[in-house]
Amino acid sequence: MNALSFHPPDAAQPPQAADEAVVRFEGVAKTFAARGRQTAVAALEDIDLTVRRGAILGVIGRSGAGKSTLIRLVNGLEKPTAGRVLVDGTDVARLPEKDLRQLRRSIGMIFQHFNLLSSRTVYDNIALPLEIAGASREDIRQRVDPLIELVGLADKRSRYPAELSGGQKQRVGIARALATRPKVLLSDEATSALDPETTRSILDLLATINAELKLTILLITHEMAVIRGIARDVAVIDNGRIVEKGDVFDLFTRPRHPTTRTFLAAESGRALPAYVAERLTERAGPGSQAVLRIIFRGSHATDPVLSQITRTFAIDVNILGGTVDAIAGRPFGTLIVAVPDEADLLKRVTAFLTARGLDVEALGFIALEADRASAPAAQNEGGHSHVA
Amino acid sequence: MSPEIIRLIASSTLDTLYMVAAATAIGTLIGLPLGVFLATSKRGELLSAPLANSILGVIVNATRSTPFIILTVSIIPFTRLVAGTSIGTTAAIVPLAVAATPFIARLVEGSIREVDQGLIEAARAMGASPLQILAKVLVPEALPGIVLGLTLAIVSLIGFSAIVGVVGGGGLGDLGIRYGYQRFMPDVMAAVVLVLILLVQGIQSLGDALSRKLNKRVRHG
């Protein structure tokens, strides 16, 4: 993708601080008025959110959480009932129709179902926003050709959307969204209709565009994999409210809100292995062991803490599951272990780990072998081969 | 069949084609924009004009619910006003066009409404004006359907054109009634029916082919 250099920095924009807001939601609420038999619906409440220039902000939520409404407020497809949505300092809702159209040309948008015109070829689809903006035929050609190169569809120039795969269609969608050199790209579930591998390639393309063109991206999704794959900042939306927001790594490794935990539950490593989840109990039983989730963040991800615990406390530790992975480029590991449930041992182990900068979460208790329930826990030697 | 009869069939065929072509042209000229408007002017739609939409909807329905022969007779004063006479092939174009317009409008409306709402949203997000959305998105995307609708309208007009004989409007239908039926000439009747069948077949095939060529939603080979 060497064709990226054609996009010069927008000369019209004065140099601005890196953390300056391109999009800002200020106390935004959106209520859909009652119509006919339907009662009024509060889609969004009390939204404060900032998208910094050059950032990739992911908003994650279930369907119906209000995320589609949220993204449509940015380009004025929806109007807030309270608060303000500012794009480069301009209150979108207060723009007259003509100025709003002008503003929309500086905001690209890609969609879950691509929304390409079936009657136009790849080239003509990408040309559409430029035609709408009144560009000359020659200007359009000079803009569209490199964009086709950029998204890797040079051999599909004269094809119709029906002749393309889902991933190729989204590449056309992306090229089309970039045609008018926008300052923000809105991504509305852009990978939700794609298989995991195609999703990966589309996310990579978006990441490249973000890095090379310094294009700010606001994306909404219901898939944690998308957030983890591309975003640096994340906001979790539930029931029309933002319940948690911050750095992706922090949120993945220290989720606070139950909704965030639900989204993370399916993530690899966080989920308990089925054989553990089935036997996990809230109270200690005879011979049961305490189950802990140890989270290694950043530089601690490679610490040999297990052998340290074994030595320090002279106990055996059962490994029940775990992974080491990278999130937002930083290493992150999860380990699920069982330790003997003795006196204050649990407290001491927890304190030991916390002192070393690890997060520890007590998940419950597990009787590792029912038929040896009466045997002292300490005799449960490392022989249990439940390691995932 | 005498050469004279053959000449009659030929000129009647031309009369029919003339009436149908003119009525289709006028009907499309008015019906196409009318249909586009009907498809986009309900509350909250692109051109949101609910009152105009309701009024035009009532007029369209009223015209479409009037049987064609009643329509032809009841608008004779209007026909005279427009065509200068109420009798003859040219005058017959008026009721045909009046009947074709709302018919075409409804067919066009249906085709436009078939277009994915997501495309309208995408075009709005690009900063397109309502007229640009109509011209660059809705009509081109609906074109295959519109072509099929027009084909249907033409075929229906050929049927209607048989009735305008009551106002002296010539054509194949008129020939069939006057010669085939009233003068007991079954061969003329058979010839008229045959020409009509060929005409309808030909127009339908042409319309299908054109629509298929315009429709890029399916892969061809």
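Colleague: How much of residues 51–76 of chain B is helix, and how far apart are the end C-alpha atoms?

Modeller: A helix here is a DSSP run (H or I) of at least four residues, a strand is a run (E) of at least two, and both are numbered from the N terminus. Over residues 51–76 of chain B, the chain is 88% helix and 0% strand, with 30 Å between the end C-alpha atoms. This is a predicted model, in which local features need pLDDT of at least 70 and side-chain atom pairs count only at pLDDT 80 or more, while totals for chains, interfaces and linings use all residues. Residues are numbered from 1 along each chain as its sequence is written, chains are lettered from A and ligands numbered from 1 in the order in which they are written, and side-chain values use heavy atoms, leaving out hydrogens and water.

Colleague: Which residues of chain B does UniProt list for "transmembrane region"?

Modeller: UniProt positions follow the numbering used here, feature names are shortened, and annotations may be inferred rather than shown by experiment. The unreviewed UniProt entry lists residues 17–39, 51–76, 82–105, 146–168 and 188–210 of chain B. In the model, residues 82–105 of chain B are 79% helix and 0% strand, and the end C-alpha atoms lie 21 Å apart.

Colleague: What is the order of the strands in the open sheet of chain A?

Modeller: Two strands pair if DSSP finds at least two bridges between them. The sheet has 6 strands in the order S6-S7-S8-S3-S9-S10, with mixed pairing. Its edge strands, S6 (107–111) and S10 (241–247) of chain A, each pair on one side only. S6(A) and S7(A) pair in the parallel sense over 5 bridges, and A:Gly108 stands opposite A:Leu185 in S7(A). S7 (residues 184–188) also pairs with S8 (residues 216–221) of chain A in the parallel sense over 5 bridges; there A:Leu185 has A:Ile217 as its bridge partner in S8(A).

Colleague: Are the residues of S6(A) buried or exposed?

Modeller: Buried means under 20% relative accessible area, exposed over 50%, and partly exposed in between (1.4 Å probe, protein chains only). In S6(A), 5 of the 5 residues are buried, so the strand is largely enclosed by the rest of the structure. A:Ile107, A:Met109 and A:Phe111 point one way, whereas A:Gly108 and A:Ile110 point the other way.

Colleague: How many salt bridges are there over all chains?

Modeller: A salt bridge is a side-chain nitrogen of Lys or Arg within 4 Å of a carboxyl oxygen of Asp or Glu. The whole structure holds 31 of them. One of these joins A:Arg141 to A:Asp145, with the closest N and O atoms 3.3 Å apart. These two residues are 4 residues apart in helix H4 (residues 137–150) of chain A, which means a separation of about one helical turn. A:Arg141 is partly exposed at 36% relative accessibility, and A:Asp145 is partly exposed at 22%.

Colleague: Which parts of the chain are linked by A:Glu361 and A:Arg261?

Modeller: Their side chains meet in a salt bridge (3.5 Å, N to O). The pair links distant parts of the chain, 100 residues apart: A:Glu361 is in strand S14 (residues 359–366) and A:Arg261 in helix H9 (residues 258–265) of chain A.

Colleague: What is the N to O distance between B:Glu109 and B:Arg106?

Modeller: The distance in this salt bridge is 2.8 Å. B:Glu109 is buried at 9% relative accessible area, whereas B:Arg106 is partly exposed at 22%.
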